[in-house]
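Biologist: Could you take me through this structure, starting with how the helices pack and then moving on to the rings?

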Amino acid sequence: ELCLRKALTENLYKKWPYGYYRAAFILAITMSVSDNLEGALRVATAAYNRISTETDPTLEVCKWDIMSRIGICRVRLKQIDEAEDVLEKTYQGMKAYTLKQKDEKATESLCLLCSNILADYVVLAQDRMPLWFDRYEEAIRLEEKYAKEGAASSIVDFHKSKMGSLKAQYL
């Protein structure tokens with residue numbers, strides 16, 4: 001966590017914006033795993049406020065990843081309605097980006113968004129899960145469609161297995 005905090009400098013941002021935002025995203029995840037949800041939410045929100053003004057299309061996935069972390073932090077803080085608003089916007093934005101890009105990096109982010117939401121909802125908001133299972137299945141279909149042939153089967157198999165595990169917990 002300390003290394004990531006030190007990395008989030010103006011110098012890194014000027015030299016490599018993508019690295020800056022990835023570091024912020026990973027720091028927010030690290031803080032979430034450590035149950036520092038308020039801190040993770042602050043880091044992700046600050047990064048999102050900055051990235052939302054960016055026009056560089058290569059930062060698009062970072063933007064949606066950071067926004068998803070805001071929503072997931074809100075889920076874990078039991079702010080379910082606020083989380084759902086953020087996650088809905090994230091899903092719609094990430095799906096539109098995926099359909100536009102038609103590449104495996106975008107579809108992988110979409111799959112991870114859905115699986116991460118389901119992993120938290122299985123404990124905190126089971127009534128919201130059917131919608132996200134449908135979305136996860138759709139994301140997996142897009143992954144099958146857009147992933148490069150060699151990697152496609154292992155990535156798709158991973159997500160199908162993960163979905164099966166989540167469904168087993170839910171049902």
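Modeller: In this predicted model, Y18, Y21, R22, F25, A28, I29 and S32 of helix α3 meet C62, D65, I66, S68, R69, C73 and R76 of helix α5, where contact means heavy atoms within 4.5 Å and helices are DSSP runs (H or I, at least four residues) numbered from the N terminus.

Biologist: At what angle do the axes of α3 and α5 cross?

Modeller: The axes of α3 (residues 17-33) and α5 (residues 60-76) cross at roughly 15° and come within 10 Å, the axes being lines fitted to C-alpha atoms over the stretch in contact, with angles from 0 to 180 degrees between N-to-C directions. The two helices are therefore roughly parallel to each other (angles under 35 degrees).

Biologist: Switching to rings, how many aromatic pairs are there?

Modeller: A search of the whole structure finds five, counting rings of Phe, Tyr and Trp (its six-membered ring) with centres within 6.5 Å; planes under 30 degrees apart count as stacked, over 60 as edge-to-face and the rest as tilted. One of them joins Y13 and Y20, whose centres are 5.4 Å apart with planes at 75°, so the pair is edge-to-face.

Biologist: Is Y20 buried or exposed?

Modeller: Y20 is buried, at 12% relative accessibility (buried is under 20% relative accessible area, exposed over 50%, partly exposed in between, with a 1.4 Å probe and protein chains only).

Biologist: And which residues form the aromatic cluster?

Modeller: Y13, Y20 and Y21 form one cluster.

Technical notes. Residues are numbered from 1 along each chain as its sequence is written. This is a predicted model: local features need pLDDT of at least 70, side-chain atom pairs count only at pLDDT 80 or more; totals for chains, interfaces and linings use all residues. Side-chain values use heavy atoms; hydrogens and water are left out. Angles under 35 degrees count as roughly parallel, over 145 as roughly antiparallel, 65 to 115 as roughly perpendicular and the rest as oblique.
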